[in-house]
Amino acid sequence: MKISWIKYKNDVDSFKMPEALGFDVYKIEDPETTDEKISELIKKDYRMVVVSDEIASFSEDIIKKYNKDKNISIIIATHRE
C-alpha cells in the first residue's frame, strides 16, 4: 500500500518523521488545490493519504467523495502543541 502525506508549504511542524525517513511528503503552495493533489495521488495508486488539519479544511472531497470509498483512506492528522 502506498502512503503519502500532504501539508502546507509553510508548515514546518507537521510530518517531520516521515519526511526525515524519506517518505512521500508533498507540500502544496495553495491550500485551495488540496482536492486536486489528493486526486492526483490516488491516480498514482496511493491508497492512504494523510492530510494535515490545516490543509484538510480546504477539501470538500474528503467527505463527499472519499468518505465511503473502501479502497481509499484519507486521514486527517491533528496538530499537536
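Helices (H or I, at least four residues) and strands (E, at least two) are DSSP runs, numbered from the N terminus. I'm working on a predicted model, where local features need pLDDT of at least 70, side-chain atom pairs count only at pLDDT 80 or more, and totals for chains, interfaces and linings use all residues. Residues are numbered from 1 along each chain as its sequence is written, and side-chain values use heavy atoms, with hydrogens and water left out.

Ser52: I found Ser52 in strand 3. Ser52 is buried (under 20% relative accessible area; exposed is over 50%, partly exposed in between; 1.4 Å probe, protein chains only), because its relative accessibility is 1%. Not counting residues up to four places away in sequence, Ser52 touches Ile6, Lys7, Tyr8, Asp11, Ser14, Phe15 and Ala77; contact means heavy atoms within 4.5 Å.

Ser4: I placed Ser4 in strand 1 (residues 2-8). Ser4 is buried too, at 0% relative accessible area. Beyond four places in sequence, I noted its contacts with residues including Tyr26, Leu41 and Val49.

Core: I looked up the largest nonpolar core, which has 15 residues, with Ile6, Ile38 and Val49 among those with the most contacts inside it. Strand 1, helix 2 (34-43), strand 3 (46-52) and helix 3 (53-56) each give it two or more residues. Such a core is a set of buried Ala, Val, Leu, Ile, Met, Phe, Trp, Tyr and Cys residues joined through side-chain atoms within 4.5 Å.

Phe23: I found Phe23 in the loop between helix 1 (16-20) and strand 2 (24-28). Phe23 is partly exposed, at 44% relative accessible area.
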